[in-house]
Amino acid sequence: MVSLNNDWDEILKGEFEKTYYLNLRKFLKSEYTGNIVYPPMNDIFNALKYTPYKDVKVVILGQDPYIKPGEAHGLAFSVQPSAKIPPSLRNIFIEMHEDVGTYIPNNGYLASWTRQGVMLLNTCLTVRAGKSKSHAQRGWEIFTGNVIKTLNGKTDPVVFLLWGKDAAAKNEFIVSPIHLVLTAAHPSPLAGGRFFGCKHFSKTNEFLKQNYGIEINWQIENL
């Protein structure tokens, strides 16, 4: 039984009993037994554990976890403190620097964002080592789609940052007019730099300031 230790437990209590999820769970048991899979099993649901439903003000939606050792820990685009900053995250930091003036930190651990109400969610929550999208179409897209639908139902405004085609596909679930949806190319170098100039960080803060009187402190401190 999945335990998230916050209000997501009640909100998603029926999700983990659905047929698609039971099939997904069976697949994951086999994968974690016979292969190297990221993130570690206990970190799969960190996006939900770190940011309770009631606190969500921003959702950054990515693709699937990093595929190299020591990087993925259940938060989209974030890496463990000791890991080298991956190219996608470095591009995010470059865009942040150009957009809101943050400096490029010496690490890619983004947990400080989650404490401010930023949910770092991937469309697929697991991946086989070295094989991007290897756990696609196994049920995660249904699960994360239902998470997005639930967040769409919030009566408080949320900013959804959809980065890449997989993330943009979730736009169909965000129908409430109170929310702000911003889409951009994936920050991966493979996107040819089309992520740069999206100004999602300043646009998010402008929206939050108008609706909550607060802004996200995007700066990641050096370790």
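Which residues form one aromatic cluster?

Analyst: Happy to. Please keep in mind that this is a predicted model. The cluster is formed by Phe77, Trp113, Trp163, Phe195, Phe196, Phe201 and Trp218.

A search of the whole structure finds 17 aromatic pairs.

Trp113 belongs to helix H5 (residues 111-114) and Phe201 to helix H8 (residues 200-212), so the pair ties together parts that lie 88 residues apart in sequence. Both partners are buried: Trp113 has a relative accessible area of 1%, and Phe201 has 0%.

The side chain of Asp99, a residue of helix H4, reaches the backbone nitrogen of Phe201 at 3.2 Å. Setting aside neighbours within four places in sequence, Asp99 is in contact with Lys199, His200, Phe201 and Ser202. Asp99 is buried but has no salt bridge. Its nearest side chain of opposite charge is Lys199, 4.5 Å away, and a salt bridge needs a nitrogen to oxygen distance within 4 Å.

Glu98 is also in helix H4, but this residue is exposed, with a relative accessible area of 59%.

Asp64 is another acidic residue to look at, in the loop between strand E2 (58-62) and helix H4 (87-100). Asp64 is buried without a salt bridge, and the nearest side chain of opposite charge, that of Lys133, is 7.1 Å away. The backbone of Lys133 is a separate matter: the side chain of Asp64 reaches its nitrogen at 2.5 Å. A polar contact of 3.5 Å also joins the side chains of Asp64 and Gln63. Leaving out neighbours within four places in sequence, the residues in contact with Asp64 are Asn122, Cys124, Thr126, Val127, Ser132, Lys133 and Ser134.

Now for the charges that do pair. The structure holds 5 salt bridges. Among them is the one between Glu31 and Arg128, at 2.7 Å from N to O. This bridge links distant parts of the chain, with Glu31 in helix H2 (residues 19-34) and Arg128 in strand E4 (residues 127-128), 97 residues apart. Glu31 is buried at 5% relative accessibility, while Arg128 is partly exposed at 24%.

Lys18 and Glu15 form another salt bridge, with their closest N and O atoms 3.1 Å apart. Here Lys18 is partly exposed, at 38%, and Glu15 is buried, at 7%. Lys54 and Asp55 are bridged too, with 3.1 Å between the closest N and O atoms; Lys54 is exposed at 57% and Asp55 partly exposed at 29%.

Finally, charges and rings come together in two places I'd point out. The charged end of Lys154 sits over the ring of Tyr53, 4.5 Å from its centre. The charged end of Lys57 sits over the ring of Tyr212, at 5.2 Å from the centre of that ring.

Terms used. Residues are numbered from 1 along each chain as its sequence is written. This is a predicted model: local features need pLDDT of at least 70, side-chain atom pairs count only at pLDDT 80 or more; totals for chains, interfaces and linings use all residues. Side-chain values use heavy atoms; hydrogens and water are left out. Helices (H or I, at least four residues) and strands (E, at least two) are DSSP runs, numbered from the N terminus. Buried means under 20% relative accessible area, exposed over 50%, partly exposed in between (1.4 Å probe, protein chains only). Lys and Arg count as positive and Asp and Glu as negative; His and the chain ends are not counted. A polar contact is a pair of N or O atoms within 3.5 Å; within protein, one must be able to donate a hydrogen and the other to accept it, and residues adjacent in sequence count only if both atoms are side-chain atoms. Contact means heavy atoms within 4.5 Å. Rings of Phe, Tyr and Trp (its six-membered ring) pair if their centres lie within 6.5 Å; planes under 30 degrees apart count as stacked, over 60 as edge-to-face and the rest as tilted. A charge sits over a ring if NZ of Lys or CZ of Arg is within 6 Å of the ring centre and within 35 degrees of the ring normal.
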